[in-house]
Amino acid sequence: MGESSIPSPLRIGTRRSKLAIVQAESIRDRLKRTNPSMSIEIETLHTAGDRDKVTALPEMNAKSLWTTELEEKLTSGELDVIVHCLKDMPTTIPETCEITAIPPRDDPRDALIVQSGLPYQTLKDLPEGAVVGTSSVRRSAQLRRLYPHLRFANLRGNVETRLAKVDNPESEYTCMIMSAAGLERLGLSPRINQYLGSKDGGIFHAVGQGALGLEIRKGDVEMRKLLEQLGDRKSTLACLAERELLRTLEGGCSVPIGVETEWVQADELKMAAIVVSLDGSESVEDKIVTRIVTVDEAVTLGKDMAARLISAGAEAILKAITTNRPSKE
Ligand SMILES: NCc1[nH]cc(CCC(=O)O)c1CC(=O)O
């Protein structure tokens, strides 16, 4: 009614985890700042990905565990926008939906958290055989390659659950790896012992890590215009380039593809990326610096990086992983 056809109340959908709710609230608050009279509701959904906390992530295998049910509600009109961690969004989304401009990205790096009370600060400090909790093969494969003295064990659940498991002195875990952005949003950055950027003895992060994805009904022009107010050009272009790399390599969150993008000049984007075998014994990596002004150029960068990694041997590494995976269905 009135100035536009923005629905009232505007309904934001998200997962029912503390992190998801904090993220949805931050989008609500940013919208409220520029549109004080707007009525906004947040609806949380317990998704398939939240329900199964037992199966190790690589075996769950579906790329859309956290998005499908929300997208159904978006498509049917029960929701107007979904707020998601961009890295949990499949690179191909349903025909009926689209991603809008991406808001300013938070710290995309992974971070190390050591069990409370233990004296270690960095991966290098950890003793022989120390157990790193992570269910991400991207993280474990890269760390096996760099730190052969470490061991790895699956660690699942939401951020608070994982932290409680690691902090239990009876647990097998010495430490865990999580995204810096997720920890910061939950007020847990004081627990970060080491930021794991590739320059600092760390690893390449996941595609889209640290960014939020805002998903709307395809062609919902009013919502697109509204949410564009929150978008950040540089975050959008960098994340679109990263997602195109992943889409081209047909990755998904369960394969060891890591990436880093950095704006080195006003419009020069540097992308570095790696593909690693699960045991860390094989890897290919490359780096491209190029001028990026348009979305098409960002997409081309992602494709070019994928082509370079493939010609350097990425396909063989990825194929071996897909073939050896026990539960494909
Ligand atoms: N895979 C789970 C997931 N998806 C998004 C985040 C945090 C937010 C982000 O990194 O964008 C996390 C937790 C983590 O990886 O530590």
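A nonpolar core is a set of buried Ala, Val, Leu, Ile, Met, Phe, Trp, Tyr and Cys residues joined through C-beta atoms within 7 Å. Buried means that 20 or more other C-beta atoms lie within 10 Å of a residue's own; exposed means 12 or fewer, and partly exposed is in between, with C-beta atoms placed from the backbone. This is a predicted model: local features need pLDDT of at least 70, side-chain atom pairs count only at pLDDT 80 or more, and totals for chains, interfaces and linings use all residues. Residues are numbered from 1 along each chain as its sequence is written.

**Core**

The largest nonpolar core holds 77 residues. Those with the most contacts inside the core are V81, I113, C175, M176, A241, L245 and A273. Helix α9 (residues 233-249) gives the largest share, 8 residues. Helices (H or I, at least four residues) and strands (E, at least two) are DSSP runs, numbered from the N terminus. In soluble globular proteins, nonpolar side chains tend to be buried together.

**Strand β8**

What makes β8 largely enclosed by the rest of the structure? The reason is burial, because 5 of the 5 residues of β8 are buried. C175, I177 and S179 cover one side, and M176 and M178 the other. In a regular strand the side chains alternate between the two faces of the sheet.

M176 ties several elements together in this account. I113 is the bridge partner of M176, and G133 also stands opposite M176. Leaving aside neighbours within four places in sequence, M176 is in contact (C-beta atoms, placed from the backbone, within 7 Å) with I113, V132, G133, T134, L155, R162 and V166.

**Strand pairs**

Two strands pair if DSSP finds at least two bridges between them.

| Strands | Sense | Bridges |
|---|---|---|
| β1 (residues 10-15) and β3 (residues 81-85) | parallel | 2 bridges |
| β5 (residues 110-114) and β8 | antiparallel | 5 bridges |
| β6 and β8 | parallel | 2 bridges |
| β11 (residues 257-265) and β12 (residues 268-276) | antiparallel | 8 bridges |
| β12 and β13 (residues 283-291) | antiparallel | 9 bridges |

A hairpin joins β11 to β12 through 2 residues. Q265 stands opposite E268 there. β12 and β13 form a hairpin with 6 residues between them. In its turn, G280 has a positive phi of about 80 degrees. L269 has T290 of β13 as its bridge partner.

**Open sheet**

Five strands form an open sheet in the order β2-β1-β3-β10-β4, with mixed pairing. β2 (40-45) and β4 (97-99) stand at the edges with a single partner strand each, so one side of each lacks a neighbour in the sheet. Neighbouring strands of this sheet are turned by 30 degrees against each other on average, direction ignored. Within the sheet, G13 has I82 of β3 as its bridge partner. Helix α8 (residues 221-228) lies across β3 and β10 (212-217), at about 160 degrees to β10. Axes are lines fitted to C-alpha atoms, for helices over the stretch in contact, and angles run from 0 to 180 degrees between N-to-C directions.

The ligand is surrounded by C85, K87, D88, M178, S179, A181, G182, Q209 and G210; each has its C-beta atom, placed from the backbone, within 6 Å. β8 (175-179) and α7 (180-185) each supply at least two shell residues.

S135 lies in the loop between β6 (131-133) and α5 (137-146). S135 is buried, with 23 other C-beta atoms within 10 Å. The peptide bond from S8 to P9 is cis, with omega near -5 degrees. P9 lies in the segment before β1.

Methods. Two residues are in contact if their C-beta atoms, placed from the backbone, lie within 7 Å.
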